[in-house]
Amino acid sequence: MSNKPTDYIASLAKGLRVIEAFGSDTPRLSISEASAASGLDRATARRVLLTLHREGYADYDGKFFTLTPRVLRLGVAALASLPLSQIVQPWLDQLSEQIGQSCSVALLDEAEIVYIARAAQKRVMSIGLMPGSRLPACSTSMGRVLLAALPRDEARARVEASDLSPRTAFAISDPEEIMARIDAARSQGYAIIDQEIEIGLRSIAVPLIDRHDRVVAALNTGMAASAGEAGQMVETYLPRLLKVQAGLKRLI
């Protein structure tokens, strides 16, 4: 491998150093903090952070920068900079053991959901899911509760921009019907899907709400369709999901 200067992009290396400055103990960084952590001068750190913000990889509140779910596209290792994944994992593990079903937490990224934490039991889905996995928001229980948290016009725009190709015979592909399901999730506080992602799989999801009453993620669990009617998930699993929702609200 050549070591000539032309083989090395200094600006990319500086950007990676700033991204690596974020971590579980440093989820928010000011320009000065990013400069100190990355070893770059303040002006360079500022340009890198503002570029990440402009490209959608970081949020900026005027003082602090935080990485966004988009950074997951750069690799699953970036999850370490999102403290939410570490906060929810013990709760997922406990819930999964209690109900004997797989449980997940995901964020909304444009028209997709991104898994940030998962506790798996026996495999119900044939597709393997792990942190960093993506699924269409319109067709998933977590996606629908997350879309329900958006202003309705914005949710509709994301639905209409989505690939609505049906994955199964049970899938809903009409935007109006999808919006009706999203509206129902908004009023009920939960969403259920019945074999829309994969034949034989049902799931129920609730939003995860922070201490400022903002929806920041979604929590779900799934079950085999052979285990009963879809409506039974409300009686069987919703109280457990809501208990975790209430517990996490005090922490996030």
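Analyst: Leu-12 sits in helix α1, which covers residues 10-21. Helices here are DSSP runs of H or I with at least four residues, strands are runs of E with at least two, and both are numbered from the N terminus. Together with Ile-9 and Leu-16, Leu-12 makes a nonpolar surface patch of about 290 Å². A patch is built from residues with over 30% relative accessible area and no salt bridge; like charges are joined within 9 Å, and nonpolar side chains (Val, Leu, Ile, Met, Phe, Trp, Tyr) within 5 Å. Areas come from the Shrake-Rupley method with a 1.4 Å probe, and for residues only the protein chains shown count as cover.

The model is predicted, and its residues are numbered from 1 along each chain as the sequence is written. Local features need pLDDT of at least 70 and side-chain atom pairs count only at pLDDT 80 or more, while totals for chains, interfaces and linings use all residues, and side-chain values use heavy atoms, without hydrogens or water.

Of its 252 residues, 48% are buried. Buried means under 20% relative accessible area, exposed means over 50%, and partly exposed lies in between (1.4 Å probe, protein chains only). Among contacts between residues at least 6 apart in sequence, 58% join residues at least 24 apart; a contact means heavy atoms within 4.5 Å.

Leu-150 gives an example from inside the chain. This residue is in the loop between α5 (141-148) and α6 (152-160), and at 17% relative accessibility Leu-150 counts as buried. Not counting residues up to four places away in sequence, Leu-150 touches Leu-108, Ala-155, Arg-158 and Arg-186. Val-215 is 65 residues from Leu-150 in sequence, yet their C-alpha atoms are 9.0 Å apart.

Cys-138 lies in another loop, the one between β6 (134-136) and α5. Its relative accessible area is 3%, so Cys-138 is buried. Leaving aside neighbours within four places in sequence, its contacts are Arg-144, Leu-147, Val-159, Ser-162, Leu-164 and Ile-178. Leu-164 is 26 residues from Cys-138 along the chain, and 7.8 Å separates their C-alpha atoms. Cys-103 is buried too, at 0%. A disulfide is a covalent bond between the sulfur atoms of two cysteines. The rule used here asks for a pair of cysteine sulfur atoms within 2.5 Å, and by this rule the count is zero.

Charged side chains come next. The structure holds 14 salt bridges, each being a side-chain nitrogen of Lys or Arg within 4 Å of a carboxyl oxygen of Asp or Glu. In one of them, Arg-152 meets Asp-183 at 2.7 Å, N to O. Because Arg-152 lies in helix α6 and Asp-183 in helix α7 (residues 175-188), this pair ties together parts that are 31 residues apart in sequence. Arg-152 is partly exposed at 36%, and Asp-183 is partly exposed at 23%.

Glu-160 and Arg-156 both belong to α6 and are four residues apart, about one turn of the helix. Their closest N and O atoms are 3.6 Å apart. Glu-160 counts as exposed at 52%, whereas Arg-156 counts as buried at 19%.

Asp-194 is partly exposed at 25%, and Arg-202 is buried at 8%. Elsewhere, salt bridges that share partners link Asp-109, Glu-112 and Arg-134 into one network.

The structure holds one aromatic pair. Tyr-60 and Phe-65 form it, stacked, with 4.0 Å from centre to centre and 10° between the planes. Rings of Phe, Tyr and Trp (its six-membered ring) pair if their centres lie within 6.5 Å; planes under 30 degrees apart count as stacked, over 60 as edge-to-face and the rest as tilted. Tyr-60 is partly exposed at 32%, whereas Phe-65 counts as buried at 0%.
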